[in-house]
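Q: Please take a close look at a single part of what is shown below. I would like one connected account, with the cut-offs behind each term.

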Amino acid sequence: MNPSFYITTPIYYVNAEPHLGHAFSTIVCDVAARFHRLLGYDVRFQTGTDEHGDKIAEAAQKAGIQPQEYADRVSGLFRGLWPRLNIANDHFIRTTDPEHIATVRLILQKVHDAGDIYLGQYGGHYCVGCERFLTEKELVDGKCPDHQKPPVWIEEENYFFRMGSYQQALIDHIQRNPDFIRPERYKNEVLAFLREPLEDLCISRPKSRLTWGIELPFDDRFVTYVWFDALINYLTGLGYPEGPLFGQYWPAAQHLIAKDILKPHGIYWPTMLMALAKAEGRPSDAYLYRHLNVHGYWNVGAGKMSKTLGNVVKPLDLAGVYGVDPFRYFLLREMTFGLDAAFSEDLLVERYNADLANDLGNLFSRVLNMLSQYRGGVVPEPLAPAEDAGALRRLAMKTVEDYAKHMRAFQFHQALMAVWQLIGEANRFVVHSEPWTLAKDPAQSARLDVVLSTLVQTLGDVTVLISPVLPETAGRMAEHLGMELPELIGLERLELTGLIPAGTRIAKPPALFPRIDTDKVKAKAEKAEAKAGQKAAPASAPAAKEKKKSKAPIEPAAELDYEEFARVDLKLGQVLAAVRVEGADRLLKLTVDLGEDSGPRTIVAGIAQHYAPEELVGRQVVVVANLKPVVLKGVESRGMVLAAVGEDKVRVVAPDLTLPPGSKVR
Ligand code: ME8
C-alpha cells in the first residue's frame with residue numbers, strides 16, 4: 001500500500017475576497033500535494049472556507065444580505081479562483097456544509113460527555129476582528145494590535161473546554177516530536193506560550209449576541225465559537241468518524257498556515273484532538289496531526305498585507321499578466337519558508353527574466369536547437385565515456401536527492417535553488433563543451449553525441465523536478481521531449497541513464513518564457529494610459545503615481561465570472577455641463593447627473609479631441625460609478641464615461657431612448 005499524505009490549507013474567512021496571501025498558502029499546498037504524488041504517495045488535498053461567526057455576520061449585514069447568501073457568494077470566489085491558478089484540490093469544504101455541522105456537534109457532544117466541556121462565567125476583552133477574547137498582555141495601548149481597535153469588555157455565561165488540563169501532555173508531545181511544528185522558530189514560539197499557565201478555552205457564544213453559528217448540541221441557547229467549529233473541518237473533510245478516508249489519511253495529516261493563526265493550530269487544535277481521543281478511550285496522542293507547517297507573511301510596500309488593512313494584491317491580476325506558472329514559481333522561490341517576504345512586481349519580473357527566460361528557457365531552446373541542427377532532432381546514443389558528462393549526470397542525481405529532502409521539509413526555495421543550480425551547470429556544460437565546434441569536426445562525432453544526449457537527459461530530469469511548481473511548463477516540456485506526463489513518471493525513475501531513450505525524435509523548441517522587455521512593458525503601459533485619457537495627469541497626483549507603478553497594460557481576462565462582472569457598477573448619466581480641462585488637450589471636465597441624492601458628479605473624460613464640450617451637454621452617457629476617484633490635472637474625477645473606440649473616432653455609449661439618470665446598465 002502506498003503511504004498517505006493529507007495536506008490542508010487554512011479555511012479562509014469569507015468576509016473578504018481572496019488575495020495574494022491566500023493564493024500563496026493554497027499554491028504551497030498544491031505544490032506539496034503534487035510533489036508527494038511524484039513520491040508515490042496517496043495524496044489528499046483540502047481547502048475551503050470558514051463561514052460562521054461575528055465577522056461574517058457583520059460583513060453580511062453591511063452588504064445588506066443574509067449571512068448564508070453572503071457566504072455563498074464569497075466562498076464561490078475562492079472556489080472559482082483555485083483552478084485558474086492551476087491548483088488541483090481534491091475537496092473544497094465549507095463550514096456551512098451539513099456534514100460539517102453534524103461533525104462539529106458530534107465532537108462537541110463526545111467531549112462534553114467525557115467531562116471536558118463545562119458551563120462557566122466569562123468576562124474579557126473581546127476583539128471582533130480576531131473573533132476572540134484578548135488577554136491583557138496582548139493589548140497594545142489598550143487596543144488590539146492587529147486591528148488597531150479597542151476591544152469590548154464582555155461578561156457572560158459560557159461553555160469552556162478544559163484546554164488547560166492538556167498543557168503538559170502537549171508540551172511533552174512537542175518535545176518528543178521536535179518537528180511537530182516547523183520551522184523551529186514557531187515550535188519555540190508555541191513552547192514559550194506554554195510556559196505560562198494555559199487557560200481553558202471559551203467555546204460558545206450566547207445566541208443573544210450571535211446566531212450565525214453551529215448550535216451546541218447540549219444547550220440550544222448557544223452557538224459554537226468559530227475556532228472550535230473551523231478547526232474541525234480537517235476531520236469533516238475525511239468523513240470522520242466512519243469514512244474510509246479518515247482511516248486512510250488521519251493522522252497522516254499536515255496542516256499549512258501562516259504565523260497569524262499559530263495559536264489556534266499549535267495549541268487549541270492539538271488539545272482538542274487529545275480530548276477527542278480521550279473521549280473515545282484512545283491514547284491521548286492517537287489523533288495528533290503529523291506536522292504543522294508555518295510560513296511567514298507577504299508584505300507589500302512598507303507593511304503587512306491584510307484584508308482588514310485593505311492593501312491587498314489580487315492574484316489574478318499578476319498571474320494574468322505574467323502567466324500562472326511564473327507567478328507560482330516566483331512565490332515559492334522568493335519566500336524563505338517560515339520568514340516574511342516582500343512582494344513586488346519588479347522582483348517578479350526580475351526573477352522571470354533571470355531564472356525562467358535566461359536559465360531554464362535558454363537551456364531548453366539552445367539544447368533542442370542544437371539537437372535539431374546537428375542530429376536532425378534525434379536523441380543520440382551516448383557511447384563515448386566522458387568525465388564532464390558523467391559529472392553532470394551525477395549532479396542531476398544528487399539534485400534529485402537534495403530536492404526531495406528540501407521539499408519534504410517544506411523548504412521550497414531551497415529545493416528550487418538546487419534545481420536551478422543543476423540548470424546553471426547544464427548551461428555551463430554547453431559553454432565549455434562547445435557543441436558548435438564539435439559539430440565541425442567529424443572526429444568529434446561520438447563526443448558530440450554524449451554532450452547532446454547528456455543535456456537532453458538533464459532536461460528530462462528538470463522537467464519532472466519542476467512539475468509541482470510549474471505544472472503547465474513541465475507538461476509542455478514533457479510533451480515536446482516525447483516523455484510521459486511528469487506526474488506519471490515520479491521521482492524514483494530519475495536515474496543516471498536518463499528518461500529519454502536514444503532514437504527519440506524531438507522537434508524544434510517553442511519559446512517557453514519569452515523575455516519580458518521591461519522598457520517595452522513600461523512603454524506599452526504608458527500608451528494604454530494615454531489611450532484612457534490619463535496621460536495628461538500630473539505626476540504629483542497620488543492616483544497617477546499609483547498608475548505609473550503598474551508594469552504592464554491590463555489585458556481583458558479570457559473569461560469573467562458573472563460575480564466579477566457584477567461588481568462593476570454601471571449607471572446611466574445625463575451630462576449637465578462640459579468644459580475643457582486647462583493644460584490638457586485630451587480632457588473634458590463633465591458634470592454628470594447620476595440621479596444621486598448627493599448631487600451630480602464631476603467626471604474627467606479623455607474625449608476632448610472627439611467632442612466639442614457643447615456637443616455633450618444634455619446627452620446621456622454610461623458611467624462606471626464605482627471606480628476609485630483619481631485626480632487628473634488637478635481635477636478629481638469620480639467615475640468613468642464609457643466610449644466606443646474606433647480606428648480614428650471615439651463615441652460615447654448611450655441608450656437609444658432617454659431613460660432616467662441613475663438607471664442601472666447591465
Ligand atoms: O484565519 N501572507 O482565515 P483568513 C501570507 N478562517 N499568507 C497570508 C497573508 C499574508 N499577508 N494573509 C493571509 C483565518 N494569509 C481562519 C482560518 S483554519 C481552521 C481557520 C493566509 O481568511 C495564511 O495562510 O484570515 C493565513 O494563515 C490565512 O491566509 C488566514 O486566512
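A: By class, five nonpolar, four polar and three charged residues make up the lining of the second largest cavity, where Ala, Val, Leu, Ile, Met, Phe, Trp, Tyr, Cys and Pro count as nonpolar, Asp, Glu, Lys and Arg as charged, and the others, Gly among them, as polar. The model is predicted, so that local features need pLDDT of at least 70 and side-chain atom pairs count only at pLDDT 80 or more, while totals for chains, interfaces and linings use all residues. Residues are numbered from 1 along each chain as its sequence is written, and side-chain values use heavy atoms, with hydrogens and water left out.

The lining residues are His 52, Gly 53, Asp 54, Tyr 126, Glu 131, Arg 205, Leu 210, Trp 212, Gly 213, Thr 224, Tyr 225 and Val 226. A cavity here is a set of points, on a 1 Å grid over the protein atoms alone, where a 1.4 Å probe fits but cannot get out, and a lining residue has an atom within 4 Å of a point. The second largest cavity holds about 40 Å³ of space, the volume being the space filled by probe spheres set on the points, which are joined across faces, edges and corners. Three cavities of 30 Å³ or more are counted by this rule.

Thr 224 counts as buried because its relative accessible area is 2%, where buried means under 20% with a 1.4 Å probe and protein chains only. Its side chain reaches the backbone oxygen of Ile 214 at 2.7 Å, to be read against the cut-off for a polar contact, a pair of N or O atoms within 3.5 Å of which, within protein, one must be able to donate a hydrogen and the other to accept it, residues adjacent in sequence counting only if both atoms are side-chain atoms. Leaving aside residues up to four places away in sequence, Thr 224 touches Val 104, Leu 108, Ile 203, Ile 214, Glu 215, Leu 216 and Asp 229, a contact being heavy atoms within 4.5 Å.

Notes: On a 1 Å grid over the protein atoms alone, a cavity is a set of points where a 1.4 Å probe fits but cannot get out, and a pocket is an open set with protein on both sides within 12 Å along at least five of seven lines; lining residues have an atom within 4 Å of a point. Buried means under 20% relative accessible area, exposed over 50%, partly exposed in between (1.4 Å probe, protein chains only).
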